[in-house]
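Subject: Structure for you to look at

Hello,

Here is the structure I promised to hand over. Please open it first, then read my notes below.

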Amino acid sequence: MTTTETAQRVNIFKQSPEVYQAMIALDAAAKKDLDPVLVELVLTRASQINHCAWCLDMHTQDARKVGVSEQKLYLLNAWEEVPGLYTDRERAALALTEAVTVLTDGFVPDEVYERAAEHFDERELSQLISVILTINSWNRIAVSTRRVPPVR
């Protein structure tokens, strides 16, 4: 195998279908009642941070399908540098996504959480946190099993 090839490891979903079904159920429950555009921005941003090619491929396609602009997708990795492109609500969700995904200080800073709480009611905030934790789980499954997207 060359350095450009990556062998997929165990297929968790084939070997443990109950895990797959549980993840699908969690994923659907987490996204319930949230704006699909916001959800896809969050899913794509977490996948960027986690270097998950499989999820990046899937969620950039899904983002386009729900109406995320090409500019928002191209600049997502530098969202803080583009005032006016992302709404305040999207910016709060992206900040929370980064804090929950990276956990650099071992916790989500109060200012990040409070900023999100200004833009989302408690139900929405619960859903948003659930979406973030779910994509992080998907990312870790795909990265640890070396799941790669098809080359088109």
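**Overall shape**

With 152 residues, a compact globule would have a radius of gyration near 15 Å, and the chain has 16 Å, which agrees. That radius is taken over C-alpha atoms, and the globule rule is 2.2 Å times the number of residues to the power 0.38. This is a predicted model, where local features need pLDDT of at least 70, side-chain atom pairs count only at pLDDT 80 or more, and totals for chains, interfaces and linings use all residues. Residues are numbered from 1 along each chain as its sequence is written, and side-chain values use heavy atoms, with hydrogens and water left out.

The C-alpha trace spans about 50 × 35 × 30 Å along its principal axes. The chain has 8 helices and 0 strands. Helices (H or I, at least four residues) and strands (E, at least two) are DSSP runs, numbered from the N terminus.

How much of the chain is buried? Buried residues make up 39% of the 152. Buried means under 20% relative accessible area, exposed over 50%, and partly exposed in between (1.4 Å probe, protein chains only).

Now the contacts (heavy atoms within 4.5 Å). Take those between residues at least 6 apart in sequence: 69% of them join residues at least 24 apart.

**Surface and charge**

The chain exposes about 8700 Å², and carbon and sulfur atoms supply 54% of it. Accessible areas come from the Shrake-Rupley method with a 1.4 Å probe; for residues, only the protein chains shown count as cover.

There are 16 positive and 22 negative side chains. Lys and Arg count as positive and Asp and Glu as negative, while His and the chain ends are not counted. The centres of the two sets lie 9 Å apart. Each charge is placed at NZ of Lys, CZ of Arg, CG of Asp or CD of Glu.

**The core**

In soluble globular proteins, nonpolar side chains tend to be buried together. Here the largest nonpolar core has 38 residues. Such a core is a set of buried Ala, Val, Leu, Ile, Met, Phe, Trp, Tyr and Cys residues joined through side-chain atoms within 4.5 Å. L41, Y86, L96, F120, L128 and V131 have the most contacts inside this core. Helices α2 (17–31), α3 (36–49), α4, α6, α7 and α8 (122–144) each supply at least two of its residues. Which helix gives the largest share? That is α8, with 8 residues.

Leaving aside neighbours within four places in sequence, L128 is in contact with L34, V42, A93, L96 and F120.

S47 is in helix α3. At 0% relative accessibility, S47 is buried. Beyond four places in sequence, S47 touches C52, C55, L56, H59, I135 and N139.

H59 sits in helix α4 (residues 53–65). H59 is also buried, at 5%.

Is T104 buried or exposed? T104 is exposed, with a relative accessible area of 69%. T104 lies in the loop between α6 (88–102) and α7 (110–119). The C-alpha atoms of T104 and V66 are separated by 31 Å, and the two residues are 38 apart along the chain.

E114 is in helix α7. E114 counts as partly exposed, at 46% relative accessibility. Its C-alpha atom is separated by 16 Å from that of Q127, 13 residues away along the chain.

Best wishes
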